[in-house]
Amino acid sequence: MTTIRLPTAQPPGTVLGTAPAVFEGAEAYRATGGYAATTDPEELLAHLAASGLRGRGGAGFPAAVKLRSVRGGGSPVVVANGEEGEPGSAKDRWLLRARPHLVLDGLARAAAVTGAVRGFVYVSDPAAGASVRRALAEHPPPLPVEVVETDHTYVAGEETAVVRRIDGGPALPTAKPPRPFEQGVGGAPTLVSNVETLARIALTAARPDLRRAIARHTLVTLSGGPDAPVLTEVPYGVPLRALAARYGNADATGALMGGLFGGLVAADALDLPLEPGALGAAGTALGCGAIRFLAPGSCPVTTAADAAAHLAAESARQCGVCVSGTAAVGGALSGLAAGTAGPDTADHLLRWSQGLPGRGACGLLDAAAGIAGSLLRSFPGHVRSHLAAPCPVCADAAPAAGRRRLTVPVPEVAGAPRPARVPAPPPARSPAPAPSPSSSPTALPLPALKGTP
Ligand code: SF4
C-alpha cells in the first residue's frame, strides 16, 4: 500500500514538529515549551486578531472573530473537529495521531478565551481517538474533555453535523440558522474549530512574537504525482508550480484544489501563490490544503468524474436537490469520460454549475457544482474533444477506482497507541488542575520551515 511521505527534522515550533512520524507524548510536548505559556486569554485573543489567523478546516474564517462569537453566552462549549471528510486530506488525522497535546493545548486555550466549561474532540479515525485518549490521561486538561467518535463521511465534519452527533444524533448537517456559535451542543454557544487551527492557537500562545509566521504557514496534503503523496507545512505565498515541482510533479498540467471544494484549475493557474485571498480571487480555494496535481498524460475529465462520483456517493440524501443534483452532475461527467455524453451535456453542466450552489444544507452540493463549472472554465478544449470522440486516457481509467484514486492514506505514526476494539470510556468530567503558570514566555523558535521552496 502507498504510504504518505512526511518531511523529517522539522524545526520546533511548527505544527509538524521535530519528529513528524513519531507520537509526541506529554513530556516531549512540554520539552518544546507546550502547556507552559502564560499568555493571558485576552492577550492571546488580541495576538490572534493581529496575526490574521484563519481557520484551517476549509472555510478560512478569521479565528479571532470565531472565538469572540461564542463569548458571553451561557456555558459555552468548545469542540476540536478532527473529522476530515475530504478524501485528499490527511493532515488532521495525522495531527491527532502524532501531536494530540498540541491540539489539546489549543483547545484549552480556546476554552480560556471563550469561557467554555466543556470540551470535545470529535474524530472518526480510531488511531487518532486512541492518541487523544492517551494524551488526556497523560495531561488532564483544565476542563472536562470527551472524545466523541463518528463514521468517516464527507459531511460528518460539517459544523452542524458535528453538533448533531455530539448531541447523540446522526452526523448529518442541519439547516442554518442557528449556527453552532448561536445554538450548538446542548443548545449552548459552541465553537467548532478545526484541529490545525487549534494547534496554531497553541503555538501563538507559546510564541506570540511569531504570531504572524504561525498564521501564515499551513499544512498541505499534496498528491497526484508519480511519487507518494506528501504532507508538509509551507508558507503562504509559495507558487503552486513550485510546490508541484518540489514534490514530484514538475510538469503538472493543472490541479484539483482544496480537496474537492476548490474545483479544477488549469496549468496557468499554477503561477498563483498558495494564499487563500489570491486563490479565492482567482475563483478557486485553498480549503483544507489538499491539492491534487494533474500529471502530464492524465485527463482532467477523469479527475472531474472521479470527484463528482465521490460527492454523489457521499450525499447525505437529506436534501432532494442534492440527491438529484449530485447524481446528475456525476452521471454527466462519467458519461463525458466514457464517451457516451449527449451533445447537450456541456449546457446541462453549465446550468447546474450556476443553479445548484447554495441550495443544499451543506457545501457538498456546492462542491459538485464547482467541479462541473471549473471543468468547463479551465478545460473547455477537453470538454469539446470528449464530446467529439472517446478519450483513450479516460477509457483506461477504471471508473470503479475513481474514489480510491482521490483518497490519500493517513501517515503512520511510530509509538502511537493502538486503537482499542471497544472505545474507551470518556474521561471523568470533573475539572482537572490548570497548567502550572510560568513566569516567562516559552521559547519556541520558528525558523524558516525546512521542506519549503
Ligand atoms: S446538501 Fe447533500 S450532503 Fe449536504 S445535507 Fe443536503 S443532502 Fe446532505
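Biologist: Which domains does the domain assignment give for the protein chain?

Modeller: The model is predicted. For its protein chain, the domain assignment gives two ranges, 26–214 for domain 1 and 221–406 for domain 2. The names asked for are therefore domain 1 (26–214) and domain 2 (221–406).

Biologist: How many residues does the contact take from domain 1 and from domain 2?

Modeller: Taken over C-alpha atoms, the centres of domain 1 and domain 2 are separated by 29 Å. Residues of the contact have heavy atoms within 4.5 Å. The contact takes 21 residues from domain 2 and, from domain 1, 20 residues.

Biologist: Which residues in domain 1 lose the most area to domain 2?

Modeller: The size of an interface is often given as the accessible area lost when the parts come together. Between domain 1 and domain 2, about 1700 Å² is buried, with 60% of it on carbon and sulfur atoms. On the side of domain 1, three residues together make up 32% of what that side buries: Glu86, Pro87 and Tyr154.

Biologist: What is the N to O distance in the salt bridge of Arg200 and Glu233?

Modeller: Across the interface of domain 1 and domain 2, the rule finds 1 salt bridge, along with 9 residue pairs in polar contact. By class, the side of domain 1 that touches domain 2 has 7 charged, 6 polar and 7 nonpolar residues. A salt bridge needs a nitrogen to oxygen distance within 4 Å. The side chains of Arg200 and Glu233 meet in one, N to O, at 2.9 Å.

Biologist: Why is Cys288 too far from the closest cysteine sulfur for a bond?

Modeller: A disulfide is a covalent bond between the sulfur atoms of two cysteines. The structure holds 0 disulfides. Cys288 is buried, at a relative accessible area of 9%. Its sulfur is too far for a bond because the closest cysteine sulfur, in Cys362, lies at 15 Å.

Biologist: How far away is the cysteine sulfur nearest to Cys299?

Modeller: Cys299 counts as buried, at 4% relative accessibility. A disulfide needs sulfur atoms within 2.5 Å. Cys299 is in no disulfide, and the nearest cysteine sulfur, in Cys394, is away by 3.6 Å.

Terms used. Residues numbered from 1 in each chain as written. Predicted model: local features only at pLDDT ≥ 70, side-chain atom pairs only at ≥ 80, totals over all residues. Heavy atoms only, no water. Buried area = accessible area lost by both parts, 1.4 Å probe. Polar contact = N/O pair within 3.5 Å; in protein donor to acceptor, adjacent residues only side chain to side chain. Nonpolar A, V, L, I, M, F, W, Y, C, P; charged D, E, K, R; others polar. Buried < 20%, exposed > 50% of the residue type's maximum accessible area, 1.4 Å probe, protein only.
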